[in-house]
Amino acid sequence: MLLYSCSLFNKNNPNTFTNKLYIGSSSPGILQKVSEEVLIDYNLKINSYNVNPELTVFETNWKINHFREEINRNRFKLIFTSLINRSDDQKYSENYHDFYIQIIYEIYDKSAWKKIKLSEIESKLLDEIVKKIRLKIKKFY
């Protein structure tokens with residue numbers, strides 16, 4: 001029988017992007033399942049997976065023209081990353097990962113897609129998704 005533990009505290013890592021947030025720690029399977037359930041609420045689905053023993057990355061499809069009606073063409077996608085937790089109390093457990101979410105937000109400037117800084121609107125969406133995922137993870141413990 002495998003036991004999973006979950007710590008849902010906020011890790012403020014100065015090396016992360018401003019559009020990348022820590023979600024929590026748990027098993028990669030639970031993290032993926034919960035994320036997929038939450039993404040359905042936003043009409044997003046995971047369209048690519050990269051899974052190996054120490055790292056799992058999955059991305060959603062692009063969501064087109066979701067934000068800022070005044071901007072003619074914009075899009076975003078979410079990238080989820082789970083990395084093996086190497087802390088002393090979890091160092092030998094491959095089923096315990098730290099989980100992050102990143103939003104890629106771009107606008108089309110008549111020649112190419114360009115990444116731009118998140119506004120309050122996009123940041124709120126990212127925070128909302130993180131909160132929903134955290135709540136669902138808590139139900140497993």
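Trainee: On what basis are residues numbered and values counted here?

Mentor: Because this is a predicted model, local features need pLDDT of at least 70 and side-chain atom pairs count only at pLDDT 80 or more, while totals for chains, interfaces and linings use all residues. Side-chain values use heavy atoms, with hydrogens and water left out, and residues are numbered along each chain, as its sequence is written, from 1.

Trainee: Which pattern does the protein chain follow along the sequence?

Mentor: Helices (H or I, at least four residues) and strands (E, at least two) are DSSP runs, numbered from the N terminus. The protein chain has two helices and seven strands. Read along the sequence, the pattern is β-α-β-β-β-β-β-β-α.

Trainee: What percentage of the 141 residues is buried?

Mentor: Buried means under 20% relative accessible area, exposed means over 50%, and partly exposed lies in between (1.4 Å probe, protein chains only). Of the 141 residues in the protein chain, the buried share is 41%.

Trainee: Which residues does Ile133 touch, not counting residues up to four places away in sequence?

Mentor: Contact means heavy atoms within 4.5 Å. With that exclusion, the residues touched by Ile133 are Ile23, Val34, Ser35, Val38, Phe80 and Phe99.

Trainee: Why is the pair of Tyr22 and Tyr100 classed as it is, and how many residues apart are the parts that it ties together?

Mentor: Rings of Phe, Tyr and Trp (its six-membered ring) pair if their centres lie within 6.5 Å; planes under 30 degrees apart count as stacked, over 60 as edge-to-face and the rest as tilted. By this rule there are six aromatic pairs. The centres of Tyr22 and Tyr100 are 5.4 Å apart and the planes lie at 65°, so this pair is edge-to-face. Since Tyr22 lies in strand β1 (residues 20-26) and Tyr100 in strand β6, the parts tied together are apart in sequence by 78 residues.

Trainee: How do Phe58 and Phe80 pair, and which residues form one aromatic cluster?

Mentor: The rings of Phe58 and Phe80 lie 5.0 Å centre to centre with 15° between the planes, and the pair is stacked. Phe58 belongs to strand β3 (residues 55-60) and Phe80 to strand β5, 22 residues apart. Phe58 is buried at 1% relative accessibility, and Phe80 is buried at 0%. The residues of one aromatic cluster are Tyr49, Phe58, Phe80 and Phe99.

Trainee: At what distance from the ring centre does Lys20 lie over the face of Tyr100?

Mentor: A charge sits over a ring if NZ of Lys or CZ of Arg is within 6 Å of the ring centre and within 35 degrees of the ring normal. The charged end of Arg75 sits over the ring of Trp113, 4.1 Å from its centre. For Lys20 over Tyr100, the distance is 5.6 Å.

Trainee: With which side chain does Asp98 make a polar contact?

Mentor: Asp98 is in strand β6 and counts as buried at 10% relative accessibility. A polar contact is a pair of N or O atoms within 3.5 Å; within protein, one must be able to donate a hydrogen and the other to accept it, and residues adjacent in sequence count only if both atoms are side-chain atoms. At 2.4 Å, the partner of the Asp98 side chain is the side chain of Ser25.
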